[in-house]
Amino acid sequence: MKELEQILRLWASAESAGESAVLATVVKTSGSSYRLPGARLLVTPTGERAGSVSGGCLEDDLLKKAWWFTQNGAVL
């Protein structure tokens with residue numbers, strides 16, 4: 001539950017600063033994976049993040065692409 005609290009804290013901070021944020025959620029895995037469906041990562045435009053969707057190998061790539069993926073709204 002600590003991870004969810006960190007995500008909510010960062011979201012509240014971003015919202016109060018007038019920033020947007022992207023919430024990435026694992027919805028499906030195939031084969032061996034570090035995190036299961038339901039794992040979340042919240043990222044802000046300044047690079048702040050809370051949560052995790054992998055063992056660390058996907059987070060940096062997600063930070064680079066999060067805004068591009070969501071420029072037209074939510075995606076799955």
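A pocket, as the word is used here, is an open set of grid points with protein on both sides within 12 Å along at least five of seven lines, and its lining residues are those with an atom within 4 Å of a point. With that in hand, let's walk through this structure, which is a predicted model.

**The pocket**

The largest pocket is lined by 22 residues. Nearest its centre lie Ala24, Thr25, Val26, Val53 and Leu62. Two elements, strand 1 (22-25) and helix 2 (59-69), each give two or more residues to this lining. The pocket's volume comes to about 650 Å³. Here is how the lining divides by residue class:

| Class in the lining of the largest pocket | Residues |
|---|---|
| Nonpolar | 14 residues |
| Polar | five residues |

**The nonpolar core**

Which residues make up the largest nonpolar core? There are nine in all: Val22, Ala24, Val26, Ala39, Leu41, Val43, Val53, Leu62 and Ala66. In soluble globular proteins, nonpolar side chains tend to be buried together.

Setting aside neighbours within four places in sequence, Val53 contacts Ala24, Val26, Ala39, Leu41 and Leu62, along with Arg35, Arg40, Leu58 and Glu59.

**A buried loop residue**

Where does Thr44 sit? It is found in the loop between strand 2 and strand 3 (49-51). Is Thr44 buried or exposed? Its relative accessibility is 1%, and because buried means under 20%, Thr44 counts as buried. Not counting residues up to four places away in sequence, Thr44 touches Leu10, Ala14, Glu19, Ser20, Ala21 and Trp67.

**The whole chain**

Stepping back, the protein has two helices and three strands, which follow the pattern α-β-β-β-α along the sequence. Its C-alpha trace spans about 40 × 30 × 20 Å along the principal axes. Why does the radius of gyration agree with a compact globule? A compact globule of 76 residues would have a value near 11 Å, and the protein has 12 Å, so the two agree.

Of the 76 residues, 24% are buried. As for contacts between residues at least 6 apart in sequence, 35% join residues at least 24 apart.

Conventions. Residues numbered from 1 in each chain as written. Predicted model: local features only at pLDDT ≥ 70, side-chain atom pairs only at ≥ 80, totals over all residues. Heavy atoms only, no water. 1 Å grid on protein atoms, 1.4 Å probe; cavity = no way out; pocket = protein on both sides within 12 Å on 5 of 7 lines; lining within 4 Å. Points joined across faces, edges and corners; volume = space filled by probe spheres on them. Helix = DSSP H or I, 4+ residues; strand = E, 2+ residues; numbered from the N terminus. Nonpolar A, V, L, I, M, F, W, Y, C, P; charged D, E, K, R; others polar. Core = buried A, V, L, I, M, F, W, Y, C linked by side-chain atoms within 4.5 Å. Buried < 20%, exposed > 50% of the residue type's maximum accessible area, 1.4 Å probe, protein only. Contact = heavy atoms within 4.5 Å. Rg over C-alpha atoms; globule rule 2.2 N^0.38 Å.
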